[in-house]
Amino acid sequence: MLGHHFVTFRGLAERCIAETDTEVRGILEGPALSRVVRNCALGPGPLGRLVEAQPRIAGALASTLRDLRDACVEPTELPDGFENLSRLYRRTEEVHRRLEQEQGLYDRIGLFRLARRGVSAWAGRLGFRRAEVHGATELVGSAGDLLEALAQCVPLRFYQPDAEHPHAAAVRNRWSWSFGPEPTPVAPRPAVPLVGAVPLVAAVPDRALRLLEPHGGPLEELERVAAAVLGLLDDHTAPAEIAVVARTLEPYATWIPAIFERYGIPFRSSLREPALLTPDARALLHLARALLGNLDREPIVELLGSRRFRWEAASKGIERRRLPELAERLGRRAGVLDGLDDWLWAIGRARDLLRDEGITLSEPEQTHLRDVLQALAADSERARRARTFSEVVRRILDAGDRWLPIPSGETSEGARALEAARDGLSSLALLDSVDRVSGGTAPADPREALRAVEEALRGAYVQPHTDPDGGVLVLDAVQARALPLRHLFLIGLNDSLWPQRLEEDPFLPDRVRLQLRDELCRPVPSRGESEQEERFLLDLLVSQATDTVTLSSHEFDATGRPAAPSCYLRGLASRAIPATVEGDLVPLPEALVRAALHGGGEALGKLTDEAPPELAESLERGLPYVSIVEDFDGSDLRYDGAAELDASPLRWSPTHLERIGLCPLRAFFSQVLGVPELGARVQTELEARELGELIHKALQETYTALESEGLLRPGTATDRSSQRAHEKLAEILGSYLPLTEAMARRHPTLWEGLRSQLLRALEAFVDWDLDRLLPEGVEEVACEHRFEHAYRVDSEPILIVGKIDRLLRTPAGILRIADYKSGSTPEGSTAKVAIQRGRSLQLPLYLVITGEQRSAADVEAEILHTPVRPERFRWRRAAWSYPLGWSSVEEVREQIRRAILTLVTLVREGRYPFRRDSHCRSCPYTLACRREHPPTRTRIEKAEAFADYRTLAGGAP
């Protein structure tokens with residue numbers, strides 16, 4: 001706020017830029033910024049190879065560099081070990097400078113930097129005497145620097161709502177500008193005081209905090225909230241005094257307009273729906289895929305079935321639904337993949353192809369389908385010949401004008417979404433300017449152009465119709481913060497939605513970010529602080545309602561999967577006790593539990609008249625346990641994975657050690673307690689374990705037969721060995737049924753399909769393997785090689801037993817260890833960081849133990865990937881081999897020493913902390929784990945007993 005001018009930070013920047021007489025011709029956003037990084041990274045060096053192999057990595061690198069650029073950290077200020085990132089940062093800064101000077105193209109950070117040059121002239125020309133900032137804003141570097149420039153011109157005051165909150169106080173302590181935040185409340189007397197600044201047992205007015213019990217999915221939750229809002233409106237509450245707020249509106253975007261309109265509730269919203277949610281915008285995506293993909297079957301069928309697709313056959317008596325139906329059936333029966341020739345061949349033989357299905361193709365239908373495909377083929381040829389992004393976009397949009405027209409004056413939802421999608425495509429023209437300045441190459445490959453088109457269409461949004469004269473506010477949490485109102489509905493308080501967690505940046509970890517922040521006094525964001533920011537945001541929202549706050553969640557998500565309540569919901573709901581004995585909010589037993597949990601005897605006393613004596617008595621017996629579990633600063637770790645039970649096995653296996661490294665608590669459930677894995681078995685397919693066992697058995701018998709028949713010796717012809725291997729594989733998979741008997745008996749067709757696919761995959765793998773083995777030959781091979789070894793960890797050795805999938809010796813005396821993996825790509829299993837942190841110990845242990853037992857220095861180890869569908873992984877790697885990065889036995893022993901010592905010590909001392917990671921998404925014990933329980937997590941993070949494992953796991957949990 002400047003005088004009587006009310007502006008946002010972006011508005012302030014635009015006004016100041018106007019004083020510089022600099023023309024801004026375009027704004028660089030997502031795809032363009034990723035393109036800058038991609039062009040600057042390509043070339044020699046690890047980052048170039050990474051971007052070339054995985055193009056989407058450019059977006060993650062762009063995010064890392066944006067954080068550094070926004071905080072004004074210079075490339076030379078990055079610490080040792082980040083030379084590659086520093087070089088890339090320096091190149092991208094030069095490209096941004098040239099884009100600004102030569103093309104007039106700025107990203108958001110460049111806009112704010114440019115605005116600093118005009119802030120003095122703007123403030124002076126309008127005669128401002130002071131400036132004020134109001135709102136819950138945590139400043140980033142570029143916006144803060146613009147305000148700093150303004151503060152040098154006029155006095156500036158920055159009012160920060162609820163600065164007494166712990167997180168807000170931490171932000172204030174590291175403030176890097178001359179002006180400081182001043183605490184101010186959003187509402188003078190909030191119905192629910194700020195949770196993070198007062199004890200949880202603080203008094204809450206009767207029925208001020210309400211809880212709607214979860215029921216159904218997001219749709220049902222939204223229905224209940226709309227009914228409650230309608231009740232407030234019936235009580236003559238003004239719509240503008242009510243807000244419905246979610247951390248993100250995305251799960252509700254499809255239903256919000258329809259439900260609120262059906263209830264007759266006027267609403268205003270910043271909700272933006274992805275344009276691709278509508279069939280009309282998806283039709284443009286199908287058109288782009290058809291043109292750039294050379295008439296691929298799937299997008300052609302989808303395009304022809306679009307209601308927006310231009311239809312000219314009605315006068316010929318052809319039904320509209322017939323065209324996509326005939327294209328789908330013809331394409332499927334003829335095996336059409338792409339190309340006009342495939343389609344014309346199928347049309348010419350339509351009578352024979354469709355006879356079995358009882359479908360006849362009339363001459364007009366055949367002619368019309370041929371004409372449409374030929375016209376699309378001409379458009380495809382023009383689009384695929386384009387050599388710039390501008391040409392690609394122009395030719396797709398020209399084709400869209402013909403095939404997906406928007407009648408003049410049409411304002412339907414579909415027309416608006418299609419127009420938004422077309423606008424999104426138009427923004428790709430900026431990529432040509434980026435390429436010219438950064439030395440990038442034009443999209444000679446249509447697949448590259450298609451990736452850019454798809455990304456642009458995914459970023460196209462349309463805003464639904466809302467009430468322009470005011471109504472109930474429907475906002476996401478960031479937009480609603482610091483907005484005073486009477487009634488607040490906080491929806492979607494589920495674990496998957498709130499808190500939102502950020503994974504650590506793989507290119508600039510938090511430890512380096514914090515180091516830069518401390519050394520340079522610049523606001524370098526730390527992703528590890530996202531949870532504190534999420535908690536502050538929730539507390540801030542709760543404290544800005546003066547009358548009521550209503551909390552809600554749902555039982556399952558839109559796909560039908562169970563959805564757990566947010567870890568924040570429990571603490572908030574415990575304060576809703578005065579409102580829980582009435583209506584349909586919380587059953588009395590649950591209210592008693594919450595009262596005991598957070599209010600103790602005083603809260604229980606409020607419900608004495610309502611509670612049966614036996615219920616209160618049983619609850620009191622559990623209070624000691626509750627006090628331990630809910631204590632953030634407690635030192636009693638009995639329920640936190642410190643069982644103090646020495647469950648050291650007499651015989652350790654590499655797999656057991658690896659499971660402990662992945663997550664000690666998960667290993668405790670499965671290996672120590674023997675808890676069965678949760679989740680029902682799907683009877684119509686093989687489990688991953690069974691499939692892997694079948695593959696191991698087939699390869700074991702195949703290589704054993706080849707060795708016994710002398711077909712692995714040096715000088716053996718590859719064709720001869722390959723033919724014998726194919727015969728052996730067919731024999732094994734045709735007769736070996738103990739693992740597959742149930743499936744083969746109950747679902748013979750499914751089993752035959754799996755057997756055929758598995759045979760093809762193993763034949764391809766063995767052919768590749770023999771091609772690389774036979775030129776040198778194999779002196780000895782042992783499949784499923786079992787071993788026992790006394791492995792010295794510290795002063796006391798442990799007995800490790802295991803089984804190596806394949807151990808062979810070459811004529812040169814080299815021992816080669818191979819471990820088969822049939823699941824997803826095993827790249828992570830050979831990553832050095834995974835091995836050093838104890839998450840992937842199996843292969844390194846095989847190598848070290850083999851070297852020690854055979855007194856061999858020349859030992860090599862590799863993972864051989866044996867997927868059933870190898871074509872799904874062809875984009876990752878051309879071969880099936882993933883070798884271990886270290887070659888020396890001594891080096892590998894040293895790299896795994898600390899990990900094995902830490903994990904063995906954990907087991908000996910009976911400590912099994914949980915570890916939060918991506919594996920949690922597929923963990924069968926997720927319902928029994930308290931990884932999202934803040935008190936438990938806080939105790940484990942502080943406990944000295946778990947310090948060594950936290951260090952090993954890189955800061956886990």
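Me: In this predicted model, is C40 buried or exposed, and what is its relative accessible area?
Reply: The model is a predicted one, and the class of a residue follows from its relative accessible area, with buried meaning under 20%. C40 falls below that cut-off and is therefore buried, with a relative accessible area of 7%.

Me: How many disulfides does a search of the whole structure find, and how far from C153 is the nearest cysteine sulfur?
Reply: The search over the whole structure returns 0 disulfides. A disulfide would need two cysteine sulfur atoms within 2.5 Å, and C153 is in no such pair, since its nearest cysteine sulfur belongs to C16 and lies at a distance of 8.6 Å.

Me: Which kind of pair do the rings of W175 and W177 form?
Reply: A pair of aromatic rings is described by the distance of the centres and the angle of the planes. For W175 and W177, both of which are buried, the centres are 5.5 Å apart and the planes stand at 75°. Because planes over 60 degrees apart count as edge-to-face, the pair of W175 and W177 is edge-to-face.

Me: Which residues do ring pairs link into a cluster with W175 and W177?
Reply: A search of the whole structure finds 14 aromatic pairs. Ring pairs join W175 and W177 into a cluster together with F158 and F179.

Me: How many residues apart are F765 and Y820, whose rings form a pair?
Reply: The ring centres of F765 and Y820 are 6.5 Å apart and their planes are at 90°, so this pair is edge-to-face. The pair links distant parts of the chain, with F765 in helix α35 and Y820 in strand β16, at a separation of 55 residues. Both F765 and Y820 are buried.

Me: Which element supplies the largest share of the lining of the second largest cavity?
Reply: The second largest cavity has a volume of about 40 Å³, and its lining includes R772, R806 and R816. At least two lining residues come from each of α35 (748–773), β15 (797–809) and β16 (815–821). The largest share, 3 residues, is supplied by β16.

Me: Which residues lie closest to the centre of the largest cavity?
Reply: The structure holds 3 cavities of 30 Å³ or more, and the largest has a volume of about 90 Å³. Its lining has 8 nonpolar, 2 polar and 3 charged residues. Of the 13 residues that line the largest cavity, the closest to its centre are C663, H919, C920, C923 and C929.

Me: Where is L508 placed, and how far in space is it from F82?
Reply: L508 belongs to the loop between β12 (485–491) and α23 (510–520). With a relative accessible area of 0%, L508 is buried. L508 and F82 are 426 residues apart in sequence, while their C-alpha to C-alpha distance in space is 8.4 Å.

Key: Residues numbered from 1 in each chain as written. Predicted model: local features only at pLDDT ≥ 70, side-chain atom pairs only at ≥ 80, totals over all residues. Heavy atoms only, no water. 1 Å grid on protein atoms, 1.4 Å probe; cavity = no way out; pocket = protein on both sides within 12 Å on 5 of 7 lines; lining within 4 Å. Points joined across faces, edges and corners; volume = space filled by probe spheres on them. Nonpolar A, V, L, I, M, F, W, Y, C, P; charged D, E, K, R; others polar. Helix = DSSP H or I, 4+ residues; strand = E, 2+ residues; numbered from the N terminus. Buried < 20%, exposed > 50% of the residue type's maximum accessible area, 1.4 Å probe, protein only. Phe/Tyr/Trp six-rings, centres within 6.5 Å; stacked < 30°, edge-to-face > 60°.
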